[in-house]
Amino acid sequence: MKPFFFTRIQYTSGNWDTDQRMPSNLLHSLVEYTTIPIDEKEKVVQLNSNEIFKSPFCYLSGHKLVEFSTQERDHFRRYVQNGGFVFVDDCNHDIDGLFAKSFEQEMERTFGPKALQKIPNNHPLYHSFFKFEEGPPTTSFELNGWGDDLVHDYLKAITINGRIGVLYSNKDYGCEWDYDFRNKRFLAVDNTRFGVNIVVYALNAN
């Protein structure tokens with residue numbers, strides 16, 4: 001089994017380079033809880049590069065505009081339709097914010113209207129490793145007065161052939177998990193455990 005590596009998507013619009021400690025923190029959790037072999041170095045891949053097709057798991061985030069070029073859109077579509085998995089996280093945690101509105105419009109252009117749908121809170125994603133009986137865990141950022149100040153009790157996804165190809169969150173997990181992994185010892189419950197579920201689902205859904 002090849003080591004799992006975390007790929008961050010670099011796109012030309014907006015700001016893609018967010019939550020810089022999150023990947024190493026999540027990778028540490030995979031080492032701590034699973035037997036998945038890990039490449040500990042995050043990869044950054046331009047969306048218009050063919051390198052994206054070598055990645056089993058990609059992460060895309062930001063606060064600002066998401067507007068793909070023609071080649072970026074083509075690569076994103078082909079990557080997802082050919083079995084790739086993208087976890088997209090809205091750092092604004094605001095369904096009326098620029099990132100959310102522009103990303104959802106981009107998904108309409110890329111996959112067609114209504115491709116992005118809420119997933120039920122009993123979806124296999126929530127039981128792929130740890131059990132989350134109530135669906136997506138809440139983050140401490142959702143009610144911090146910045147963003148829409150709402151707890152989003154659902155995630156959205158684009159499903160391809162019965163499996164999630166694009167998992168989309170307005171919950172700002174990237175900021176929630178953006179700390180040095182050694183600080184987890186101060187948490188009553190490790191909040192990166194849901195990230196383990198996302199990666200395990202992505203690797204096993206094909």
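Helix axes here are lines fitted to C-alpha atoms over the stretch in contact, and angles run from 0 to 180 degrees between N-to-C directions. The model is predicted. Two packed helices are described by the angle between their axes and the distance between the axes.

Start with helix 2, residues 70-81, and helix 3, residues 98-111. Their axes come within 10 Å and cross at roughly 75 degrees. Angles of 65 to 115 degrees count as roughly perpendicular, so helix 2 is roughly perpendicular to helix 3. On the helix 2 side, the contact uses Arg-73, Phe-76, Arg-77, Val-80 and Gln-81. Helix 3 answers with Glu-106, Met-107, Arg-109, Thr-110 and Phe-111. The residues of this contact divide into 4 nonpolar, 2 polar and 4 charged.

Now turn to helix 1, residues 22-33, which packs with helix 5. The angle is about 80 degrees, and the axes are 9 Å apart. Helix 1 is therefore roughly perpendicular to helix 5. Leu-26, Ser-29, Leu-30 and Tyr-33 form the helix 1 side of the contact. Arg-193, Gly-195, Val-196 and Val-199 form the helix 5 side. By class, the contact of helix 1 with helix 5 has 5 nonpolar, 2 polar and 1 charged residues.

The volume of the largest pocket is about 170 Å³. Its lining holds 13 residues. Nearest the centre lie Pro-137, Thr-138, Val-189, Asp-190 and Asn-191. By class, the lining has 7 nonpolar, 3 polar and 3 charged residues.

Finally, step back to the annotated region. An unreviewed UniProt entry lists residues 6-203 as "domain: DUF4159". Over residues 6-203, the chain is 27% helix and 17% strand. The end C-alpha atoms of this stretch are 12 Å apart.

Terms used: Residues numbered from 1 in each chain as written. Predicted model: local features only at pLDDT ≥ 70, side-chain atom pairs only at ≥ 80, totals over all residues. Heavy atoms only, no water. Helix = DSSP H or I, 4+ residues; strand = E, 2+ residues; numbered from the N terminus. Parallel < 35°, antiparallel > 145°, perpendicular 65-115°, else oblique. Contact = heavy atoms within 4.5 Å. Nonpolar A, V, L, I, M, F, W, Y, C, P; charged D, E, K, R; others polar. UniProt positions renumbered as here; feature names shortened; annotations may be inferred. 1 Å grid on protein atoms, 1.4 Å probe; cavity = no way out; pocket = protein on both sides within 12 Å on 5 of 7 lines; lining within 4 Å. Points joined across faces, edges and corners; volume = space filled by probe spheres on them.
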